[in-house]
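I opened the model to look up a few local features. The entries below follow the order in which I went through them.

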Amino acid sequence: MEVPILYTFSFIFLIQFSVLSGTEASSRNGFTVDLIPRDSPLSPSYNPSETRFDRLQKAFRRSVALAQNFRANGVSTNAVESSVIANRGSYLMNISLGTPPVKMLGIADTGSDLIWRQCQPCVDCYKQVEPIFDPSKSETYKTLKCDGKACGYLGAQATCGANQTCGYSYSYGDGSHTYGDLAIDTLKVGTATVPKVIFGCGHDNAGSFDENGSGLIGLGGGPLSMISQLRPLIGQRFSYCLVPIFTDATVASKMNFGRKGIVSGAGVVKTSIAERDPKTFFYLTLESMSVGSKKLAYKGFVKSPLEATDEGNIIIDSGTTLTLLPGDFYSTLESSVAEAIGGNPVEDPNRNFGLCYSSIEGLTIPNITVHFSGGDVVLKPLNTFVQVQENLFCFSMIPAPDLAIYGNLAQMNFLVGYDLNTRKVSFKPTDCTKN
């Protein structure tokens with residue numbers, strides 16, 4: 001049986017637009033981006049001295065840190081944002097800001113909204129490979145005022161300077177932070193140019209940020225995210241197809257926008273995106289999971305904002321590697337999986353995983369069916385078990401104290417589509433190496 005050996009699910013977006021003639025053509029034709037593993041030889045973050053398992057452990061540590069640090073309360077955007085780890089490594093994305101355009105290679109994060117980049121003058125900036133953006137050299141840069149609508153979107157993370165310039169203040173759960181001015185400038189992605197895009201110009205940025213990146217690109221559901229600000233281009237539709245990276249590291253995953261982001265045809269399963277706060281996240285409703293034919297009712301967190309009986313009790317996130325589940329439900333699920341497999345489990349020396357085997361040869365790993373409201377998604381062994389080091393294969397779901405996340409290992413070899421007009425997420429089993 002084949003399970004994935006990963007580089008990690010952190011990628012660089014290489015924008016490849018269709019020939020566009022403005023906003024209307026962009027919306028009509030859509031565009032596609034390549035997703036390149038952050039730690040693969042194609043990435044500027046690639047470290048040739050690391051083994052494939054070293055790179056894989058980084059992705060696991062980010063998921064474990066997220067599980068430990070996240071303290072969602074379902075009400076305060078500030079409380080949620082401040083608990084997210086700053087360099088959880090979802091993706092890297094190439095865009096440009098300014099006139100003339102200045103390249104920005106940023107962490108692309110589906111778990112946050114604001115686009116921000118390091119800016120001159122620096123009070124305190126972390127080391128980055130690319131030159132730091134100097135807004136005084138951009139013809140289209142303009143700071144925003146405290147009484148403006150955009151500043152209001154920041155909520156408790158907004159600050160106001162003596163000259164009534166709107167500022168932002170983000171602190172992350174791992175101690176990292178970024179402070180600066182809220183501004184507008186011209187955004188360029190591929191051949192498309194979008195004026196007056198709102199972003200944070202960070203003058204004080206420190207912590208665990210990657211020197212190969214120059215900021216963060218929010219791809220969440222809130223009003224300041226790149227997804228929301230590109231609405232005229234993409235019609236609120238996008239999709240992605242994540243390649244199981246255990247063979248050829250040069251095969252890229254794909255992300256599609258606009259009409260190209262529509263998921264249709266045989267085998268499509270749809271579930272609703274629930275309305276919850278904060279709007280940053282995409283919430284689905286998990287009703288139960290089946291191990292083979294054994295169905296397990298989903299049990300949520302005790303005294304948690306994401307209760308099992310509520311709509312929107314799990315977040316779907318392409319940037320988190322592992323799937324995070326409530327502890328009690330995870331224990332039941334793990335026991336059922338172990339019972340179905342049999343064999344002799346072994347302990348993970350890094351203590352990241354609860355169920356591991358020294359070999360899966362000769363073992364029968366059952367399919368796991370995820371019963372979302374309105375549709376069932378069948379996960380194959382490549383979605384649920386991963387080789388984490390030599391002679392160690394582990395179940396890729398872990399317990400979390402406060403937050404349920406449907407991670408990207410569970411999304412491999414599915415075309416996953418988001419339609420924010422109909423508020424639906426679609427899953428279509430797909431060979432993503434051929435998509």
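**Backbone, sheet and pocket**

I began at Arg423, which is found in the loop between strand E27 (414–419) and strand E28 (424–429). For the labels I kept to DSSP runs numbered from the N terminus: helices are H or I with at least four residues, strands are E with at least two. The model is predicted, so I noted its limits: local features need pLDDT of at least 70, side-chain atom pairs count only at pLDDT 80 or more, and totals for chains, interfaces and linings use all residues. Residues are numbered from 1 along each chain as its sequence is written, and side-chain values use heavy atoms, with hydrogens and water left out.

I then checked the backbone of Arg423: phi is near 55°, a positive value in a residue other than glycine. With a relative accessible area of 27%, Arg423 is partly exposed. The classes are buried under 20% relative accessible area, exposed over 50%, and partly exposed in between, with a 1.4 Å probe and protein chains only.

Next I looked up Gln236, another non-glycine residue with positive phi, near 65°. Gln236 sits in the loop between helix H6 (231–234) and strand E12 (237–241). Its relative accessibility is 16%, so Gln236 counts as buried.

I went on to the cis peptide bonds. One runs from Thr99 to Pro100, with omega near 0°, and Pro100 lies in the loop between strand E3 (91–97) and strand E4 (102–109). Another joins Gln120 and Pro121, with omega about -5°; Pro121 is in the loop between strand E5 (116–118) and strand E6 (142–143).

I turned to a sheet. Four strands form an open sheet in the order E17-E16-E21-E22, with antiparallel pairing. Strand E17 (294–297) and strand E22 (375–379) are at the edges with a single partner strand each, so one side of each has no neighbour in the sheet. From one strand to the next the twist averages 20°. Two strands pair if DSSP finds at least two bridges between them.

I listed the pairs in turn. Strand E16 (residues 286–291) is joined to E17 by four bridges, and Ser290 stands opposite Lys295 in E17. Helix H7 (residues 327–341) packs on the sheet and touches E16, E17 and strand E21 (368–372); its direction makes about 170° with that of E17. Contact here means heavy atoms within 4.5 Å. Axes are lines fitted to C-alpha atoms, for helices over the stretch in contact, and angles run from 0 to 180 degrees between N-to-C directions.

E16 and E21 pair over five antiparallel bridges, with Thr369 of E21 as bridge partner of Ser290. E21 and E22 also pair antiparallel over five bridges, and Phe372 has Gly375 in E22 as its bridge partner. E21 and E22 form a hairpin with two residues between them, and Gly374 in the turn has a positive phi of about 95°.

Is E21 buried or exposed? Five of its five residues are buried, so E21 is largely enclosed by the rest of the structure. Ile368, Val370 and Phe372 point one way from the strand, Thr369 and His371 the other way.

Last, I looked up how the pocket lining divides by class. The lining of the largest pocket has eight nonpolar, four polar and five charged residues. Ala, Val, Leu, Ile, Met, Phe, Trp, Tyr, Cys and Pro count as nonpolar, Asp, Glu, Lys and Arg as charged, and the others, Gly among them, as polar. A pocket is an open set of points on a 1 Å grid over the protein atoms alone, where a 1.4 Å probe fits, with protein on both sides within 12 Å along at least five of seven lines; lining residues have an atom within 4 Å of a point.
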